[in-house]
Amino acid sequence: MKSGQTPGSAFQPGRHLQILDDPSHDPYQDREKLAEPSVCADCGAVFHEGRWQWAAVPAHAHKAHCTACRRIHDKFPAGYVSIEGSFAQAHKAELINLARHLESREKADHPLQRIMAIEEQDGHMMITTTDIHLARTIGEALHRAYKGELDYQYNKEEYLLRVRWKH
């Protein structure tokens, strides 16, 4: 049974999980509102109008560190995408390209959604992300494009999503 499923319910990979929209569970989420405008000293994203975005840096911007850069610095991912199976091994470059393409598309509008690393471990790939939404997006895209088995495990206390795709 898939994580979050009840007996007799159908697994719907595209179904939006409400808990994933609640940023208050993220331990890296700023508890106090940042001064506006602020600029991330690492990546150059600008905090303006209540969110991080790619924009020209105002001359009077305050220095800060965005959530994604803090996670990267601490090596503390919010999302893990495990890619397993013989199909995955045979199409490794294609699957990595798909993940990188999705990251580019998402990061263009959402600077906090980034891939931290893509590593091979014991015959499977592991993609770590700075955000749970990107991990879910990658898993759903793999399932849509290549079918296979898809499973989610969300840990609310740690704001952590583990996605496992096998084919």
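**Entry 1: a strand pair**

I began at Tyr152, which stands opposite Val163 in β9. The model I am reading is predicted. I then looked up the strands around this residue pair. Strand β8 pairs with strand β9 (residues 160-166) in the antiparallel sense, over 7 bridges. I noted the background too: strands of a sheet pair through backbone hydrogen bonds, either parallel or antiparallel.

**Entry 2: the sheet with β8 and β9**

Next I asked which strands make up this sheet, and in what order. I found 5 strands in an open sheet, ordered β6-β7-β5-β9-β8. The pairing is mixed. At the edges I found β6 and β8 (149-155), each pairing on one side only. I looked up the angle as well: neighbouring strands here are turned by 15° against each other on average, direction ignored.

**Entry 3: helices across that sheet**

I turned to the helices. Helix α3 lies across β5 (79-84), β6, β7 (124-129) and β9. Its direction is at about 165° to β6. Helix α4 lies across β5, β6, β7, β8 and β9. I read its angle to β9 as about 15°.

**Entry 4: the other sheet**

I moved on to β1 and its neighbours. Here 4 strands form an open sheet in the order β3-β2-β1-β4, again with mixed pairing. I marked β3 (51-53) and β4 (62-64) as the edge strands, since each pairs on one side only. Neighbouring strands of this sheet are turned by 35° against each other on average, direction ignored. Inside the sheet, strand β1 (residues 38-40) and strand β2 (residues 46-48) run antiparallel and are joined by 2 bridges. I also found Val39 opposite Val46 in β2.

**Entry 5: helix α1**

Which residues of helix α1 (residues 67-74) are buried? I listed Thr67, Ala68, Cys69 and Arg71. The buried residues of α1 pack against β1 and β6. Just after the helix, I noticed that Lys75 takes a positive phi of about 55°.

**Entry 6: salt bridges**

How many salt bridges does the model have? The count comes to 6.

I took Lys92 and Glu120 as my opening pair. Their side chains meet in a salt bridge at 2.7 Å, N to O. Lys92 lies in helix α3 (residues 92-109) and Glu120 in strand β6 (residues 115-121), so this pair ties together parts that are 28 residues apart in sequence. Lys92 has 27% relative accessibility, so I wrote it down as partly exposed.

Then I checked Glu140 and Arg136. Their closest N and O atoms are 4.0 Å apart, and they form a salt bridge. Both residues lie in helix α4 (residues 132-146). They are 4 residues apart, about one turn of the helix. Are they buried or exposed? Glu140 is at 11% relative accessibility, so it counts as buried. Arg136 is at 9%, so it counts as buried too. The reason is the cut-off: buried means under 20% relative accessible area.

I finished with Glu36 and Lys33. They form a salt bridge, with the closest N and O atoms 3.9 Å apart. Why does Lys33 count as exposed? Lys33 counts as exposed because its relative accessibility is 68%, and the cut-off for exposed is over 50%. Glu36 has a relative accessible area of 32%, so I noted it as partly exposed.

Technical notes. Residues are numbered from 1 along each chain as its sequence is written. This is a predicted model: local features need pLDDT of at least 70, side-chain atom pairs count only at pLDDT 80 or more; totals for chains, interfaces and linings use all residues. Side-chain values use heavy atoms; hydrogens and water are left out. Buried means under 20% relative accessible area, exposed over 50%, partly exposed in between (1.4 Å probe, protein chains only). Two strands pair if DSSP finds at least two bridges between them. Axes are lines fitted to C-alpha atoms, for helices over the stretch in contact, and angles run from 0 to 180 degrees between N-to-C directions. Contact means heavy atoms within 4.5 Å.
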